[in-house]
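Reader: I would like to go through the terms used for this model and see what each one rests on. Please take them in turn.

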Amino acid sequence: MPSDLKRLPQRFGETVRQLRIESGQSQMVLAEKADLTHNYVGEIERGEKLASLETVVRLAYGLGIRGADLLARAKI
């Protein structure tokens, strides 16, 4: 696996965290908007879990952006 793919969960999580903070939301608020648990949002932000496509769309909705824009911001 190319090294850039190994960093995918971390890169995506950092992007979610940055956008969440920029939007002034806590993990709890984002989780509620995205219909996810705050523990799962935390795991994604820390790069411990790789989000499924459905989860990407849910997070994007919670952040008020399109899923494609979230992926683009993460340079995926």
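Author: Start with charge: Lys and Arg count as positive, and Asp and Glu as negative, while His and the chain ends are left out. The model is a predicted one.

Reader: What are the numbers of positive and negative charges in the protein, and how far apart are their mean positions?

Author: The protein has 12 positive and 10 negative charges, and their mean positions are 4 Å apart.

Reader: What makes up the secondary structure of the protein?

Author: There are six helices and zero strands. In sequence order the pattern reads α-α-α-α-α-α.

Reader: Why is the protein called as compact as a globular protein of its length?

Author: Its radius of gyration is 11 Å, and the globule rule gives 11 Å for 76 residues; the two values are close, so the protein is as compact as a globular protein of that length. Along the principal axes, the C-alpha atoms fill a box of roughly 35 × 25 × 20 Å.

Reader: Which share of the contacts with a separation of 6 or more links residues 24 or more positions apart?

Author: Such pairs account for 55% of those contacts.

Reader: Why is T55 called buried?

Author: Buried means under 20% relative accessible area. T55 has 7%, so T55 is buried. T55 is found in helix 5, and, apart from neighbours within four places in sequence, it is in contact with L36, Y40 and I44. Of the 76 residues in the protein, 36% are buried.

Reader: And why does E32 count as exposed?

Author: The cut-off for exposed is over 50%. E32 has 58% relative accessibility and therefore counts as exposed. This residue lies in helix 3. Its C-alpha atom is 10.0 Å from that of L59, 27 residues away along the chain.

Reader: What makes a set of residues a nonpolar core, and which residues have the most contacts inside the largest one?

Author: The members must be buried residues of the listed kinds, such as Val, Leu and Phe, joined through side-chain atoms within 4.5 Å. The largest such core has 16 residues, and those with the most contacts inside it are F12, V16, L30, V41, L59 and L70. Two or more residues each come from helix 2 (8–22), helix 3 (27–34), helix 4 (38–45) and helix 5 (53–63). Helix 5 gives the largest share, four residues.

Reader: Which residues does L70 touch, not counting those up to four places away in sequence?

Author: L70 touches F12, T15, V16, L19, V56, L59, A60, L63 and I65.

Key: Residues numbered from 1 in each chain as written. Predicted model: local features only at pLDDT ≥ 70, side-chain atom pairs only at ≥ 80, totals over all residues. Heavy atoms only, no water. Rg over C-alpha atoms; globule rule 2.2 N^0.38 Å. Buried < 20%, exposed > 50% of the residue type's maximum accessible area, 1.4 Å probe, protein only. Contact = heavy atoms within 4.5 Å. Charge placed at Lys NZ, Arg CZ, Asp CG, Glu CD.
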